[in-house]
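Here is a structure to read closely.

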Amino acid sequence: MKVTKIEALRDKILIYADVAGAVTVRETVATVGPNEPRVLSERSAFPENGIIGLERFFGEADGIYSRFEVFFNGEKLPGVCYVTDISPDVPENTMPYPTVNTIKTLAAPAFLNDELNIQQGLMNISIAQIMSSRETEDTIPYVFNGKTYYFIRSAVEAVDAQMKSVPFTTMILLNAPKGWGSREEKALLDKVIHPRFDWDFPSAFISAFDTEREEGFGYYGAFVEFLAERYTRPDGKYGRAVGAIISNEVNSQYIWGNAGEMTAGDYMEEYTQAMRFAWICGQKHCSHFRVYISLDHFWCGVNFSANEPKRYYSGRSLVELLNDISLRDGNFGWGIAHHPYPEDLNFPDFWNDRSPRFALDTYRITFKNIEVLEAFLAQERYLYRGKSRRVVFSEQGFNSQNGHFKDITEKQAAAAFVLAYMKSRNMGIVDLMTHHACVDNPHEFGLNLGIFRYDPTKPCCVGEPKPILESFMAMDTPDEPRVVEKARAFIGEELFDLILNPPEIVGDENRENVLGNA
């Protein structure tokens, strides 16, 4: 006996359980972590043909967000405890995921979008950028799950403008106490920053979302649903969003999704809940809404120190945990936002990377071996409803150096984009491949990742184009064959063709030793 599915209708929650006889259904808030979630209701029910029907709305609470436990003869049934299916008549937007003739994108200033043929975008949006704990003349009230929250009108309108500058956008949802537009409102930060965020760690740039406290989780829910409702409208009044990446590079959580020191298992219990909640909020309004876990290029390896297992994790271990938790509590449509930078971000010639292997137990996944990600997700236990999970390459770039190596590294970057783009396009499960960034950033750890040089005297600091611009412009156009042949000649035809069409991916024979293979 187990619960196999929970479906949200317009006014009902249907729990599918292979049990005959009276049951008790306990509904709680969906917080996870060390605190027991608050019980919303306990209801007696009798399944009909294996389906337990409940009213979806109980008081001010919407059951689409709740956790459900079914008890039979005093014993809790195993299986699904969150909504896994949303009836097709619930979301207002039932259009299919948009199709485009190119997966390339770039976070470019709006005045360059048409010139560069940008058909989709990425946008960082932080809670502390657009929300407030109090009502003012510059706030928009928004009711979520029976409570009113406040969004800063001027900040939202700035998001509107950027969102409308491209046909559609994948949002990157952040919880940043400083930077990323944060207004550093202490009263708000006290409510939304993770309760174990390490304020004393100078490199903790972003907090994990708070799924432990009911108040913090409420703010997070309001945040994601406000964005989903506003930016998935069929009329596209404010712009179009098609999905959300949850936080940033969470395998290096102590920097990019800080929740204090936690085991990977405990961290993923909370992070999976943040992903699931974003998926439910998105699917409630838009049937093609997608969510992604954000990972850097370490796969079986670990960034910084393998001796700090409560701060830094391997990407693969997090994907395995995400899948296990999803299958245990109710599978949902998550994907992966991967950052396949070269193994050393200073050097753009990824075809010379040493640590990436064409094996599931590779230390890193860079553009040299991105096919590993496809092979991993093709395994039956990772499929979602018979299909592979989707992938976005949401942040990666090819650095050009200064000084004596400027010219050669700029040429390497131009060739690298061509080969990386062709490999991404060949995978067939990639929704977008971005290049980070549009313009060299003098404050980005000494890297020059733009396709334009930095010039503070020009609009948006867009200076002279670098050789990589030619590659970016040509792909998926009639000019593509020319830049492909140019890149093949530069890299070497035999090596180019081998990396473009790599050997078959092998399995996990050496996984126990992989951490020593960097």
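Predicted model: local features only at pLDDT ≥ 70, side-chain atom pairs only at ≥ 80, totals over all residues.

Q: What makes strand 5 and strand 10 edge strands?
A: Strand 5 (51-55) and strand 10 (85-86) each pair on one side only. They belong to an open sheet of four strands, in the order 5-2-1-10, with mixed pairing. Strands are DSSP runs (E, at least two residues), numbered from the N terminus.

Q: How do you know that strand 2 pairs with strand 5?
A: Pairing needs at least two bridges found by DSSP. Five bridges join strand 2 (residues 12-17) to strand 5, and the two run antiparallel. Lys-12, for one, has Glu-55 in strand 5 as its bridge partner.

Q: Why is Phe-151 called buried?
A: Buried means under 20% relative accessible area, exposed means over 50%, and partly exposed is in between (1.4 Å probe, protein chains only). Phe-151 has 0% relative accessibility, so it counts as buried. Phe-226, at 5%, counts as buried too.

Q: Why is the pair of Phe-151 and Phe-226 called stacked?
A: Rings of Phe, Tyr and Trp (its six-membered ring) pair if their centres lie within 6.5 Å; planes under 30 degrees apart count as stacked, over 60 as edge-to-face and the rest as tilted. Here the centres are 3.9 Å apart, with 10° between the planes. Phe-151 lies in strand 15 (residues 147-152) and Phe-226 in helix 5 (residues 214-231), so the pair ties together parts 75 residues apart in sequence.

Q: What makes the pair of Phe-417 and Phe-472 tilted?
A: The ring centres are 5.5 Å apart and the planes stand at 50°, so the pair of Phe-417 and Phe-472 is tilted. Phe-417 lies in helix 10 and Phe-472 in helix 11 (residues 468-474), so this pair links parts 55 residues apart in sequence. Helices are DSSP runs too (H or I, at least four residues). Both Phe-417 and Phe-472 are buried.

Q: How do you know that Lys-284 and Glu-225 form a salt bridge?
A: A salt bridge is a side-chain nitrogen of Lys or Arg within 4 Å of a carboxyl oxygen of Asp or Glu. The closest N and O atoms of Lys-284 and Glu-225 are 2.9 Å apart. Lys-284 lies in helix 7 (residues 264-285) and Glu-225 in helix 5, so the pair ties together parts 59 residues apart in sequence. Lys-284 is buried at 15%, and Glu-225 is buried at 4%.

Q: Why is Arg-357 called partly exposed?
A: Arg-357 has 27% relative accessibility, so it counts as partly exposed. Its salt-bridge partner is Asp-361, at 2.6 Å from N to O. Asp-361, at 1%, counts as buried.

Q: What makes the charge of Arg-230 sit over the ring of Tyr-238?
A: A charge sits over a ring if NZ of Lys or CZ of Arg is within 6 Å of the ring centre and within 35 degrees of the ring normal. The charged end of Arg-230 sits over the Tyr-238 ring, 3.7 Å from its centre.

Methods
Residues numbered from 1 in each chain as written. Heavy atoms only, no water.
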